Amino acid sequence: MHGNSMKTEQDFFSTMRRSLGLPVDVDRTVQDFPDLLPAADTVSQSSKTDGEAAADLLDLLQTSCAKHHLTLHIVDDREQAAALIAEMVKVAELEFHDSRHVILHDHPLLAGLRLWKRLEDEIVTIHTCAPGDPDTREKHEICCVGITAPECVVATHGTIVQQTGDGQPRATSLLPSHHIAVATMNSVVRGLEEGFRKMREMPGSSFVFISGPSKTADIEAQLVLGAHGPRHMDLILIRT
Amino acid sequence: MIASDKSYRELAAAAIQDEQLRDNINFIQQRIGKGTFAFWEDEGNRQWRTRVKEQRERSLEHLDILLATLAEKIRNRGGNVYFAKTADDAVAYIGKVAREHDVKRVVKGKSMTSHEIGMHPVLEDMDTEVLETDLGEYIVQLAGSAPSHIIAPCTHMNKEQIADLFHEKLGMEKSVEPEVLVREARNVLRKKLLSADMGITGCNLACAETGQICLVSNEGNIRMATTLPKVHVAVMGMERVVPTLQDFSDTLQLLTMAAAVQDISTYVSFMGGPEKTDNGDGPEEFHLVVVDNGRSKILGDGEFREILSCIRCGACLNACPVYGRIGGHAYNANYPGPIGAVISPLLEGINRHADLCTGETLCGACKDICPVSNDIPRMLLALRRTLAQGSEYWNTSRHSRTEGYGWGVFGYVTAHPGLYRTLLKIGRLAMKPFAGTDGWTKKLFGPAAGWTKHRDLRPMARRSFSERWKQRPERDR
């Protein structure tokens with residue numbers, strides 16, 4: 001920090017301390033107030049999910065996804081998931097580019113679907129994000145479908161928690177007109193608090209909670225899907 | 001930010017005649033306002049808002065610690081944090097960052113604070129295109145107008161007006177279908193978003209514990225503005241920080257519920273520094289500009305500190321009968337509605353916005369709907385008192401000597417019952433010549449003329465309550 005902005009910052013804090021009725025030149029530190037930012041996990045815990053609760057969670061998730069226009073598919077295995085995605089890719093709207101391109105996050109779950117094999121007879125180009133690829137951005141601009149594997153799925157809100165990681169750029173769930181998220185059943189958590197806790201456990205500082213396709217109600221409060229981000233969003237949940 | 005040369009009184013008087021405006025606002029008040037009120041009927045939800053209010057007040061008491069912690073964590077990740085004492089400091093800093101990167105196009109996420117500090121004209125003077133990307137803000141910008149609602153910026157316009165605007169400015173074939181209008185804006189703005197050099201956003205909340213800021217949007221424009229350009233600048237009012245992740249979660253959900261009766265916004269993004277991966281997106285540089293611009297002054301006055309608990313959800317606009325009839329532009333300030341009637345005078349000058357606190361009715365709907373139960377009516381009264389008495393702290397002069405003198409006389413009279421009763425009798429007689437056939441007075445003269453300009457005066461009762469009480473038989477009292 002330059003000397004000048006250091007001084008500005010000191011002024012800023014001095015003024016604030018004066019307003020709080022504190023000595024102007026004495027820094028208070030977080031150590032003096034152990035209750036303010038407790039070191040322990042402060043996010044409330046909710047009960048563990050057993051077999052019976054899992055059915056409950058799915059009910060919750062069905063309702064919340066419908067509310068957010070997020071289309072939920074529950075499939076038995078990876079094979080079914082791959083078949084479903086292949087069908088979606090074949091009919092995806094070509095909104096920003098004339099040929100059919102699909103982009104996937106670099107993730108073992110997605111690689112295991114072997115979409116390249118499943119779609120080998122179609123005129124489709126499948127890209128997988130790779131760190132250091134200078135063309136990643138350009139590829140995202142022409143893709144009609146983006147596929148990600150979120151960290152967890154929140155049942156009460158129909159929300160996926162997506163982190164930014166190597167080979168998992170932000171644009172995959174944002175630029176393509178159709179976003180497909182693929183997750184396994186054991187990644188479903190009950191409430192948003194658990195989503196927050198998951199977020200805390202993960203490295204990095206860039207996360208997004210996504211609940212359905214992009215939408216706006218700015219014109220006469222009438223809901224329109226696909227304002228800037230994806231016009232469609234699907235969540236595929238694999239039972240095993 | 002002042003948009004018009006006209007006064008609040010003039011603008012409000014004109015707006016009240018505008019039936020289209022009233023219909024447009026009525027729509028949002030009916031749809032969202034009523035939904036928010038219904039949410040508070042649940043005891044658990046009311047306890048939730050009490051909890052968040054307590055947390056907001058605790059945060060304000062420890063603001064120095066929380067901001068220092070937030071800044072340290074962001075800096076440790078390679079992000080920049082700038083503490084701006086004034087609006088000018090903030091704008092100068094943002095201008096400097098833009099110059100260093102030779103920025104030609106800025107894409108913006110919706111941010112009231114960026115309007116407050118007057119950033120647009122300064123960047124535009126540098127030949128930088130500054131483009132709003134929230135659909136409502138984009139429409140308002142195209143129209144050369146200002147937002148009229150905190151979360152629904154173009155709520156004063158209907159689809160026909162928007163269709164005309166798009167036809168005129170974007171050359172699109174006229175259509176009143178929201179689907180078609182949205183698609184047009186999507187295509188126009190996507191090109192701009194893909195080619196922008198810098199993204200500027202506000203900050204809904206910041207979390208000291210994790211050192212992150214959080215931005216909510218339904219459209220995805222804010223994600224675009226924080227993903228595609230190489231530089232991201234977030235502008236944050238200094239009161240916007242919460243201590244822990246639990247507070248973050250609690251406050252955030254209350255914000256989306258109060259703002260739009262949504263359990264969660266489509267996108268809730270968390271970020272706390274430049275992008276570390278080599279993915280080809282995410283900003284290479286991250287700047288957080290923490291703005292004081294008069295907030296520490298508010299923090300130092302126990303009477304008004306409460307207003308800094310505000311989380312800018314705009315719910316009070318969806319409940320206010322005055323806003324419902326005059327719309328946002330009449331307030332002629334950056335923040336409209338009940339929250340604006342308190343915060344605009346405090347940030348921009350109490351004398352300058354003297355009419356705002358007298359324009360509200362003190363009905364209490366704003367307090368009832370507020371997710372942090374801010375006692376706006378109490379603060380409106382405190383502003384009236386500040387104007388009547390003047391204040392050195394607020395650099396406020398007495399607004400009207402006549403009014404101050406009048407209240408002094410009234411105070412004296414009410415403290416002297418004999419004098420009060422005599423004047424009451426004289427008043428009844430003196431009013432008679434002015435009253436119409438229905439007994440109501442429609443026009444007074446001299447200093448009293450102002451009272452009857454916009455309302456009729458009820459006739460004085462023939463007998464006062466205490467006179468009637470005394471004449472009642474003892475057993476009926």
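This note sets out numbered points on a predicted model with chains A and B.

1. Eight strands make up an open sheet with mixed pairing. Their order is β8(A)-β5(A)-β6(A)-β9(A)-β9(B)-β6(B)-β5(B)-β8(B). At the edges stand β8 (188-189) of chain A and β8 (241-242) of chain B; each has a single partner strand, so one side of each is left without a neighbour in the sheet. As a general point, strands of a sheet pair through backbone hydrogen bonds, in either a parallel or an antiparallel manner.

2. Where the chains meet within the sheet. Strand β9(A) is joined by four bridges to strand β9 (residues 267-271) of chain B, and the two run antiparallel. Across this pairing, A:Val208 stands opposite B:Ser269 in β9(B).

3. The chain A part of the sheet. Strand β6 (residues 159-163) of chain A runs antiparallel to strand β9 (residues 207-210) of chain A, with four bridges between them. A:Val161 has A:Phe209, in β9(A), as its bridge partner. Helix α7 (residues 192-201) of chain A packs on the sheet, where it touches β5 (152-154), β6, β8 and β9 of chain A. The direction of this helix makes about 5° with that of β6(A).

4. The contact between the chains. Chain A contributes 64 residues to the contact and chain B contributes 68 residues. On the side of chain A that touches chain B, at least two residues come from each of α1 (3-19), α6 (136-142), α7, β9 and β10 (215-216) of chain A. The element that gives the most to this side is α1(A), with 11 residues. By class, the side of chain A that touches chain B comprises 25 nonpolar, 24 polar and 15 charged residues.

5. A helix pair in chain B. Two packed helices are described by the distance between their axes and the angle between those axes. For helix α9 (residues 159-170) of chain B and helix α10 (residues 178-194) of chain B, the axes come within 11 Å and cross at roughly 35°. The crossing of α9(B) past α10(B) is left-handed. From α9(B), the residues B:Lys159, B:Ile162, B:Ala163, B:Phe166 and B:Leu170 meet B:Pro178, B:Leu181, B:Glu184 and B:Val188 of α10(B). This contact has seven nonpolar and two charged residues, and no polar ones.

6. The overall form of chain B. Chain B holds 22 helices and 10 strands. Along the principal axes, the C-alpha atoms of chain B fill a box of roughly 90 × 55 × 45 Å. Of the 477 residues in chain B, 51% are buried. Among contacts in chain B between residues at least 6 apart in sequence, 71% join residues at least 24 apart.

7. A:Thr128 lies in strand β3 (residues 125-128) of chain A. This residue counts as partly exposed because A:Thr128 has 18 C-beta neighbours inside 10 Å, whereas a buried residue needs 20 or more. Leaving aside residues up to four places away in sequence, A:Thr128 touches A:Leu104 and A:Asp106. The C-alpha atoms of A:Thr128 and A:Ile103 are separated by 5.6 Å, although these residues are 25 residues apart along the chain.

Methods. Residues are numbered from 1 along each chain as its sequence is written. Chains are lettered from A and ligands numbered from 1 in the order in which they are written. This is a predicted model: local features need pLDDT of at least 70, side-chain atom pairs count only at pLDDT 80 or more; totals for chains, interfaces and linings use all residues. Two strands pair if DSSP finds at least two bridges between them. Two residues are in contact if their C-beta atoms, placed from the backbone, lie within 7 Å. Axes are lines fitted to C-alpha atoms, for helices over the stretch in contact, and angles run from 0 to 180 degrees between N-to-C directions. Ala, Val, Leu, Ile, Met, Phe, Trp, Tyr, Cys and Pro count as nonpolar, Asp, Glu, Lys and Arg as charged, and the others, Gly among them, as polar. A crossing is left-handed if the near helix is turned anticlockwise from the far one by less than a right angle, and right-handed if clockwise. A residue is buried if 20 or more other C-beta atoms lie within 10 Å of its own, exposed if 12 or fewer, and partly exposed in between; C-beta atoms are placed from the backbone.
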